[in-house]
Amino acid sequence: FPVTIRGQGNYKEGKGNGKFSYYHRNGQLASEQTYVNDLKEGKITNYYPDGKIASTYEIKANKYNGPYEEFHANGKTSEKGTYKNGFNVTELTTYFTDGTLKNSTKLDDNGKENGSSTLYDIDGKKYTEIQYVSGDIKSVTFFDKNGNSKVISEKKGKKLNYQILYPTGELNVEGKFEDGLRTGLWLYYDRYGNKFKQENIVTGK
């Protein structure tokens with residue numbers, strides 16, 4: 001959002017208490033939050049400059065707790081999930097601007113991926129499934145448009161040669177993991193096979 005230019009709320013003994021409201025440059029409400037002894041508490045609602053809801057969160061003692069939802073500018077959901085003590089837990093889902101499911105990822109109570117993370121194309125078809133255990137990638141499976149599957153990355157010992165393909169099968173990303181950390185040369189390609197980015201990652205630095 002554009003930077004808000006003003007806010008209003010109540011203070012008691014120098015600490016924020018009660019509802020605080022913040023505004024966009026055009027005067028539209030940008031955010032409503034509640035404070036208790038200077039700590040955010042309760043529901044937070046953020047707005048786009050045109051007045052549409054951008055996101056809603058639940059806060060307890062200044063930490064995200066409970067369900068949240070974020071929205072595209074057209075009003076459709078862009079992301080939703082659940083927080084517990086500041087960590088995204090249970091399941092995180094994201095959506096394309098038309099509301100079609102884009103990604104669904106299982107999470108543990110520490111906010112780490114645990115189980116499957118599934119990627120979908122705009123046509124609604126699954127094209128990638130990544131299997132995690134406590135944030136560590138174990139395998140990557142690609143699905144073609146006919147639903148046929150192929151394991152394209154699988155952890156062996158401490159090492160994983162990682163690949164992600166575009167929904168139509170072209171190589172998108174390739175690199176290596178060791179002990180769950182990215183390392184070495186990572187390459188990124190566009191849909192036409194042209195390399196547009198590379199990184200040389202030194203683990204631990």
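These are my notebook entries on a few spots I looked up in this structure.

**Before starting.** I am working with a predicted model, so I keep that in mind throughout.

**Entry 1: Asn46.** I went to Asn46 and found it in strand S7, which covers residues 42-47. Is Asn46 buried or exposed? Its relative accessibility is 15%, and the cut-off for buried is under 20%, so Asn46 counts as buried. Next I checked what its side chain touches. I found a polar contact with the side chain of Ser55, at 2.9 Å.

**Entry 2: aromatic rings.** I wanted to know how many aromatic pairs there are. The count is eight. One of them is Tyr68 with Tyr83, and I looked at how those rings sit. Their centres are 4.9 Å apart and the planes make an angle of 40°, which puts the pair down as tilted. Where in the chain are the two partners? Tyr68 is in strand S10 (residues 66-71) and Tyr83 is in strand S11 (residues 77-84). That is 15 residues apart, so I noted this as a pair linking distant parts of the chain. I also looked up burial here: Tyr68 and Tyr83 are both buried. The two rings belong to one aromatic cluster, together with Tyr57 and Tyr64.

**Entry 3: charges over rings.** I then looked for charged side chains placed over rings. Lys126 has its charged end over the ring of Phe143, 4.4 Å from the ring centre. I wrote down Arg182 too, which lies over the face of Trp186. There the distance to the ring centre is 4.7 Å.

Entry 4: S18 (residues 159-165) pairs with S19 (residues 171-178) in the antiparallel sense, and I have seven bridges down for them. Which residue of S19 is the bridge partner of Tyr162? It is Gly175. S18 and S19 make a hairpin with five residues between the strands. In that hairpin I picked out Gly169, which takes a positive phi near 100°.

Moving on, I checked S19 against S20 (residues 181-189). These two also run antiparallel, joined by five bridges. For Val173, the bridge partner in S20 is Tyr188. This hairpin has two residues between its strands, and Asp179 in the turn shows a positive phi of about 55°.

Notes: Residues numbered from 1 in each chain as written. Predicted model: local features only at pLDDT ≥ 70, side-chain atom pairs only at ≥ 80, totals over all residues. Heavy atoms only, no water. Helix = DSSP H or I, 4+ residues; strand = E, 2+ residues; numbered from the N terminus. Buried < 20%, exposed > 50% of the residue type's maximum accessible area, 1.4 Å probe, protein only. Polar contact = N/O pair within 3.5 Å; in protein donor to acceptor, adjacent residues only side chain to side chain. Phe/Tyr/Trp six-rings, centres within 6.5 Å; stacked < 30°, edge-to-face > 60°. Lys NZ or Arg CZ within 6 Å of the ring centre and 35° of its normal. Pairing = 2+ DSSP bridges.
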